[in-house]
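Subject: Structure for you, with notes

Hello,

I am handing over the structure we discussed. Please open it alongside this email.

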Amino acid sequence: DALSPQGFLIAATVLAVIATPLLAIVATSTRDTQAPQPDATDPSIATCIAVLARNRAFVTLNLASAAIVVATIFVGQSVLYYFKHVAHAQAEGPHVLALMSVAGAVAVPLWMMVTARIGVRAAWIVATGIGWIALAGFAVSGGTGEAQLLFVVIQAVFVEEGDRVKKGQV
């Protein structure tokens, strides 16, 4: 079973076997021209932090990224709670979370193509419309299968919005 402790161990092992040589390749193939020498005129850390704090775009993007992380955590926990306590199908929760991850991986290139074709504002309106339609469909049906579809569609819409935040298009 992919969701068993052995399944997670196998997945972690496979990823480690792939990532470790890749890290070694990147580390050995990257050449620094010269190690930076400390300069007496380098600003202090406090000065650097103060400069960053005055940069509204930097602060806004960091707050937006933090909000995305919090929203992602809430959505993940809400999905598990819904399937355990509302749908009484606890085993389905992790499957839906995995499906939501796949939906995100598929949605990113799809939304990029849609946005390139129709523009940022129109893509945002389309994504919002899709989210509202999915939510209305779930409200009308209320079934477990519909909940799975809702969470996958909402994930795809979140991916589009999160991509815009990361690019500073908010």
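Below is what was found in it, from the whole chain down to single residues.

First, the ground rules. This is a predicted model, in which local features need pLDDT of at least 70 and side-chain atom pairs count only at pLDDT 80 or more, while totals for chains, interfaces and linings use all residues. Residues are numbered from 1 along each chain as its sequence is written, and side-chain values use heavy atoms, with hydrogens and water left out.

The whole chain

The protein chain has 6 helices and 0 strands. Its elements run α-α-α-α-α-α from the N terminus on. Helices here are DSSP runs of H or I with at least four residues, strands are runs of E with at least two, and both are numbered from the N terminus. The chain has 170 residues, and 21% of them count as buried. Buried means under 20% relative accessible area, exposed means over 50%, and partly exposed lies in between (1.4 Å probe, protein chains only). The accessible surface is about 12300 Å². Carbon and sulfur atoms hold 71% of that surface. Areas come from the Shrake-Rupley method with a 1.4 Å probe; for residues, only the protein chains shown count as cover. Take the contacts between residues at least 6 apart in sequence: 58% join residues at least 24 apart. Contact means heavy atoms within 4.5 Å.

Helices α3 and α4

The axes of α3 and helix α4 (residues 92-118) come within 8 Å and cross at roughly 145°. Axes are lines fitted to C-alpha atoms, for helices over the stretch in contact, and angles run from 0 to 180 degrees between N-to-C directions. The crossing of α3 past α4 is right-handed. On α3 the contact uses V75, G76, V79, L80 and F83. On α4 it uses E92, G93, P94, V96, L97 and M100.

V79 sits in helix α3. V79 is buried, at 0% relative accessible area. Leaving aside residues up to four places away in sequence, V79 touches G93, V96, L97, M100 and F151. L80 is also found in helix α3, but L80 counts as partly exposed at 31% relative accessibility. With the same exclusion of residues up to four places away, L80 touches G93, P94 and L97. The C-alpha atoms of L80 and P94 are separated by 7.1 Å, with the two residues 14 apart along the chain.

Helix α5

A123 belongs to helix α5 (residues 120-141). A123 is buried, with 0% relative accessible area. Its C-alpha atom is separated by 7.6 Å from that of W111, 12 residues apart along the chain.

A surface patch

L52, F58, V59 and L63 make a nonpolar surface patch of about 340 Å². Patch residues have over 30% relative accessible area and no salt bridge; like charges are joined within 9 Å, nonpolar side chains (Val, Leu, Ile, Met, Phe, Trp, Tyr) within 5 Å. A salt bridge is a side-chain nitrogen of Lys or Arg within 4 Å of a carboxyl oxygen of Asp or Glu. Helix α3 (residues 56-86) gives the largest share, 3 residues. L52 lies in helix α2 (residues 45-54). L52 is partly exposed, at 39% relative accessible area.

Best wishes

Conventions: Left-handed = near helix turned anticlockwise from the far one by under 90°.
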